[in-house]
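Student: I've just opened this one and would like to go through it with you. Can we start with the charged pairs and then work outwards?

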Amino acid sequence: MVEYARASLKLSTKQDDGHTLEWHLNVIYEQSGEMPPELDVPPIPHELVHVWEYFCQLSAKRTNGGMAANPISDEQIMAWERRHGFRLTPFEGECIDALDEVFLSNQ
C-alpha cells in the first residue's frame, strides 16, 4: 500500500503550469503511444482499499503550518472516528501513520 501511495501522491503533484504530473505524463502517452513508466502504479491490495479511503478523508481535513502540511494528529483521527461512529483497528491506525509519512515526505 505504501508503494501505491508513493506513486499516487507523486502523480498528483501540481507542476508549474497547474496541471498534475499525471496529466503531463498522459499527454506524453497520448502523443507518443509509449506509456511513461511513472504511470505504471502498483495496485493497492484489495483488503486495504478502505484504509486508503480513510486516509484520503483524513488528509482532506489536514491543517497547514505555514508553508507545509501538518501531520494528521491523533486528535484529528479520534474526531474522525467519532464522526463516523467506529474505531480504527491498531493495524489500520499504523497504516494511516505510514501513509501520512509518505504524504509528508512528498511535500
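Student: Which residue does Arg62 meet in a salt bridge?

Tutor: Keep in mind that this is a predicted model. To count, a side-chain nitrogen of Lys or Arg has to be within 4 Å of a carboxyl oxygen of Asp or Glu. Here the N to O distance is 2.7 Å, and the partner of Arg62 is Asp100.

Student: How many residues apart are Arg62 and Asp100, and where do they sit?

Tutor: Arg62 is in the loop between helix 3 (49-60) and strand 1 (64-65). Asp100 belongs to helix 5 (residues 90-105). The pair therefore links distant parts of the chain, and the separation is 38 residues.

Student: Is Asp100 buried or exposed? And Arg62?

Tutor: The cut-off for buried is under 20% relative accessible area. Asp100 has 6%, so Asp100 passes. Arg62 has 11%, so Arg62 also counts as buried.

Student: Why are Arg6 and Glu3 separated by about one helical turn?

Tutor: An α-helix has 3.6 residues a turn, so residues three or four places apart point the same way. Arg6 and Glu3 both belong to helix 1 (residues 2-11). They're separated by about one turn because their spacing there is three residues.

Student: Which element gives the largest share of the negative patch?

Tutor: The patch of negative charge on the surface gathers Asp74, Glu75, Glu94, Asp97 and Glu101. Two elements give two or more residues to this patch: helix 4 (74-84) and helix 5. The largest share is three residues, and those come from helix 5.

Student: What is the relative accessible area of Asp97?

Tutor: Asp97 has its place in helix 5. A patch residue needs over 30% relative accessible area. Asp97 is partly exposed, and its value is 38%.

Student: How many positive and negative side chains does the protein have?

Tutor: Only Lys and Arg count as positive, and only Asp and Glu as negative. The centres of the two sets lie 10 Å apart. The tally is 8 positive and 18 negative.

Student: Which residues is Ser59 in contact with, leaving aside neighbours within four places in sequence?

Tutor: Ser59 has its place in helix 3. At 14% relative accessibility, Ser59 counts as buried. With those neighbours set aside, the contacts are Ile72 and Phe103.

Student: In what order do the elements of the protein run?

Tutor: The secondary structure comes to five helices and two strands. Going from the N terminus on, the order is α-α-α-β-β-α-α.

Student: And what percentage of the 107 residues is buried?

Tutor: For scale, the C-alpha atoms fill a box of roughly 50 × 35 × 20 Å along the principal axes. The protein exposes about 7,200 Å², and carbon and sulfur atoms supply 53% of that area. As for the buried residues, they make up 32%.

Technical notes. Residues are numbered from 1 along each chain as its sequence is written. This is a predicted model: local features need pLDDT of at least 70, side-chain atom pairs count only at pLDDT 80 or more; totals for chains, interfaces and linings use all residues. Side-chain values use heavy atoms; hydrogens and water are left out. Helices (H or I, at least four residues) and strands (E, at least two) are DSSP runs, numbered from the N terminus. Buried means under 20% relative accessible area, exposed over 50%, partly exposed in between (1.4 Å probe, protein chains only). Patches are made of residues with over 30% relative accessible area and no salt bridge: like charges are joined within 9 Å, nonpolar side chains (Val, Leu, Ile, Met, Phe, Trp, Tyr) within 5 Å. Accessible areas come from the Shrake-Rupley method with a 1.4 Å probe; for residues, only the protein chains shown count as cover. The place of a charge is taken as NZ of Lys, CZ of Arg, CG of Asp or CD of Glu. Contact means heavy atoms within 4.5 Å.
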